[in-house]
Amino acid sequence: MLAGLYEGFADSPDVLKGPQRELTVVPILDIEIGGGDLAMMAGPCSVETEFQLMATASHLRRAGVRILRGGAFKPRSSPYAFQGHGLAGIKMLARARTEYGLAIITEVLCETDVPLVAEYADVLQIGTRNMQNFALLEAAARSGRPILLKRGMMATIADLLRSAQCILEFGNPHVLLCERGIRTFETAMRNTFDAGAIALLKLITHLPVIADPSHAAGHREMVPALARIAVAAGADGLLVEVHPCPMEAWSDGEQSLDFVGFDDMMLSLDPLLGLRKPSNTFSLQERRRRVSR
Ligand code: PEP
Ligand code: MN
């Protein structure tokens, strides 16, 4: 019987922390997400050109990033907007992966594309618009690839956890929960960043929690502040849009950081990472033991 904070999540039992499972660490290449270090996933919203992708990959690799993001299949709200290069974009990502030793995260839009995307990507991204596309969740889960599950823009935390529960139920334990902002009456930013959700998810679930400050903010000036808030709230990683020339981006340029902006953001995270690291290196059990001493 679940009590208090946990009550609303009774139908997602396997994602909740319990005596059986306190922490899930998701391995991606030689990286571990959820083990205490901040996992950085960065790159352009859309894969556009070989030059754009390689320049970004090269910069990010030098900045210490190990996971490159880039959309090849794009879920655009307008039918007239750039829809992504599809397979050609996936192949560009694969070249960046080989050239720079980066893991790749990219969105998969429908279940029939899962085998193709899973062949090249290290992490499958399920976008906000597809959080409750259960046929897609099943196909993605069965691919065996780790899955970054974005919170639906109109989904509650309980909805997010039910979708995560589905993925676990389909036999895939490697789920990364992603807060990317939700729709509220507030329109000053693209979405309302639910920092409390990050803290709550860290408290009640054993799954790693990733924050996407780019889609929450919608404006690059706000991205570093939201990234700092996410780190302070306990996020295990960040998914950030970076472009060599954001003004010329084919999608989401407004919210993309240029290389200097990205480096500055990373520097600004350092003090926060320094603060939280010691407690993160101990297990929950160990921390409880220390507190009760
Ligand atoms: C993206 O990551 O570029 C994207 C489309 O994200 P979301 O699904 O959060 O809108
Ligand atoms: Mn985007």
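Student: Which loop is Leu29 found in?

Tutor: The model is a predicted one. In it, Leu29 sits in the loop between strand E1 (26-28) and strand E2 (31-33).

Student: What is the phi of Leu29?

Tutor: Leu29 has a positive phi of about 50 degrees, although it is not a glycine. Most residues other than glycine have a negative phi.

Student: Is Leu29 buried, exposed or partly exposed?

Tutor: Leu29 is partly exposed, and its relative accessible area is 45%.

Student: And what about the phi of Asp252?

Tutor: Asp252 is not a glycine either, and its phi is positive, about 55 degrees.

Student: Where is Asp252 found?

Tutor: Asp252 belongs to the loop between strand E10 (237-241) and helix H9 (259-280).

Student: Buried or exposed, that Asp252?

Tutor: Asp252 counts as buried because its relative accessibility is 17%, and the cut-off for buried is under 20%.

Student: Changing topic: how many residues surround ligand 1?

Tutor: There are 13 residues around ligand 1. The closest are Arg69, Gln125, Thr128, Lys150 and Arg180.

Student: How does that shell split by class?

Tutor: The shell around ligand 1 has 7 charged residues, 4 polar and 2 nonpolar.

Student: What distance separates the Gln125 side chain from an oxygen atom of the ligand?

Tutor: An N or O atom in the side chain of Gln125 is 2.9 Å from an oxygen atom of ligand 1. For Arg129, a side-chain N or O atom is 3.0 Å from an oxygen atom of ligand 1. His215 has a polar side-chain atom 3.1 Å from an oxygen atom of the ligand.

Student: How much of ligand 1 does the protein bury?

Tutor: The protein buries 97% of the 290 Å² that ligand 1 exposes when taken alone.

Student: On to the core. How many residues has the largest nonpolar core?

Tutor: The largest nonpolar core has 71 residues. Leu238 and Phe262 are those with the most contacts inside it.

Student: Which helix gives the most to this core?

Tutor: Helix H5 (residues 157-169) gives the most, with 7 residues.

Student: What does Leu238 touch?

Tutor: Leaving out residues up to four places away in sequence, Leu238 touches Leu38, Ala39, Met40, Met41, Ile210, Ala211, Ala227, Ala230, Val231 and Leu269.

Student: What other core lies apart from the largest one?

Tutor: Another core, of 15 residues, lies apart from it, and Ala39, Ile105, Cys178 and Ile210 are among its members.

Conventions: Residues numbered from 1 in each chain as written. Chains lettered and ligands numbered in written order. Predicted model: local features only at pLDDT ≥ 70, side-chain atom pairs only at ≥ 80, totals over all residues. Heavy atoms only, no water. Core = buried A, V, L, I, M, F, W, Y, C linked by side-chain atoms within 4.5 Å. Buried < 20%, exposed > 50% of the residue type's maximum accessible area, 1.4 Å probe, protein only. Helix = DSSP H or I, 4+ residues; strand = E, 2+ residues; numbered from the N terminus. Contact = heavy atoms within 4.5 Å. Near = heavy atom within 4 Å. Polar contact = N/O pair within 3.5 Å; in protein donor to acceptor, adjacent residues only side chain to side chain. Areas by Shrake-Rupley, 256 points an atom, 1.4 Å probe, with all protein chains shown as cover. Nonpolar A, V, L, I, M, F, W, Y, C, P; charged D, E, K, R; others polar.
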